Amino acid sequence: MGTLRIKRGTKTQLQSSPGYVPAEGELVYTTDSKEVFVGDGATTGGTPVSVSTQNLEDLGNVQALAAQNDQILVYNGTKWAATDNPAVDIRGNIYGDDSTLLVDAINGKIVAPVETTSVTATNLVGNLTGDVVGSLFADDSSSVIDSMAKVLTIAKITNIGNLQINATGGISLASGSNLTIGSVGDDNAFKNGQLLIKRSATSGVAVSVNTYHDSDNVADMKSVKHRGTVDAPASYQSGDRTMELVGQAYDGSSNRENVTLVFETTGAVSNNVAPGKATFKIRNPAGTNTEFAFQNDGGAVMPASGYVQFGSMTTTERNALTPANGMVIYNSSDNKFQGYENSSWVNLV
């Protein structure tokens with residue numbers, strides 16, 4: 001059987017100066033790179049027709065018509081074609097120009113900050129800075145943020161250092177719900193809470209409680225005193241303060257106490273109530289308290305150096321009153337203390 005052998009030599013011999021220009025249709029084989037070239041009678045070294053052992057950067061027989069900068073070659077099943085946005089899978093770690101790891105393929109994580117105008121993902125784990133569009137769910141699939149209804153549906157918010165609500169915002173609580181300030185933290189220790197309202201307006205109301213009910217049995221503001229702990233509350237003791245309202249004035253360096261209203265217990269529970277008293281403590285220039293106490297037996301205790309000033313009115317003003325037995329006034333027309341006794345006004349002295 002005969003053998004057909006074509007011209008052969010190394011690739012360097014074929015293409016390096018002076019090289020060899022194959023005649024049109026002539027085949028040349030390079031013994032070192034194992035390639036076949038066909039001549040056109042003008043091109044030194046000819047044109048490659050075999051890519052069996054070539055690397056990608058040496059593909060001389062792949063042509064992309066009207067190829068543009070930054071396009072890449074993608075095999076579409078029948079041929080290599082230049083493509084702008086190929087639908088391909090990229091597997092492995094991705095690094096930045098400074099060799100910083102951006103995508104950790106081994107652990108399946110994006111480890112670099114993501115700076116973009118939009119992110120679409122099934123799950124995001126970690127910190128997120130920027131705007132979020134859509135609902136938010138907890139690990140148990142319960143709703144945390146309902147984006148359709150524009151409401152926060154989470155049962156509890158913890159570890160918030162500073163919650164701010166702008167002038168047009170508000171907090172709405174469903175019927176039967178509570179806004180609790182102060183609770184047990186993640187370390188199982190109770191954290192004291194404080195509701196701080198800051199205002200700069202010259203008028204208006206800082207705290208307003210509006211009650212809508214057909215009866216008059218709703219307590220608008222309530223303070224309950226417990227001894228013990230949150231988990232194990234214990235009974236109050238006589239003398240415990242159940243509420244204290246304090247008025248203060250800022251003197252340029254500190255808040256100075258002005259007037260205090262104190263509610264306190266005076267004994268054990270009796271007839272399902274906790275007996276008590278209320279005391280007004282008014283600061284005087286000497287730095288001490290001037291106290292007025294209202295006892296649960298109906299008595300009012302005045303300071304030792306205090307006084308009582310009765311209402312002063314003329315006889316005409318007195319006669320315009322709807323009197324009741326026990327009223328006491330000072331009649332400025334007669335210059336007399338007068339009391340309403342047995343359905344008539346009489347001079348007391």
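Reply: Phe-337 is partly exposed, at 36% relative accessible area (buried is under 20%, exposed over 50% and partly exposed in between, with a 1.4 Å probe and protein chains only). The model is predicted, so local features need pLDDT of at least 70 and side-chain atom pairs pLDDT 80 or more, while totals for chains, interfaces and linings use all residues. Residues are numbered from 1 along each chain as its sequence is written, and side-chain values use heavy atoms, without hydrogens or water.

Rings of Phe, Tyr and Trp (its six-membered ring) pair if their centres lie within 6.5 Å; planes under 30 degrees apart are stacked, over 60 edge-to-face, the rest tilted. By this rule there are four aromatic pairs. One of them joins Phe-310 to Phe-337, edge-to-face, with 6.1 Å centre to centre and 80 degrees between the planes. This pair links distant parts of the chain: Phe-310 sits in the loop between strand 21 and strand 22 (312–313), and Phe-337, 27 residues away, in strand 24 (residues 336–341). Strands here are DSSP runs of E, at least two residues, numbered from the N terminus. Phe-310 is partly exposed too, at 37% relative accessibility. Another edge-to-face pair is Tyr-340 with Trp-345, at 5.1 Å between centres and 70 degrees between planes. Both Tyr-340 and Trp-345 are buried. Phe-310 and Phe-337 also belong to one aromatic cluster with Tyr-330.

Five strands form an open sheet in the order 17-18-19-20-21, with antiparallel pairing (two strands pair if DSSP finds at least two bridges between them). Strand 17 and strand 21 (300–301) are the edges; each has a single partner strand, so one side of each lacks a neighbour in the sheet.

Strand 18 is joined to strand 19 (residues 276–283) by seven antiparallel bridges; Thr-265 has Gly-276 in strand 19 as its bridge partner. Strand 19 in turn runs antiparallel to strand 20 (residues 289–294) over six bridges, and Ile-282 faces Thr-290 in strand 20.

Technical notes:
Helices (H or I, at least four residues) and strands (E, at least two) are DSSP runs, numbered from the N terminus.
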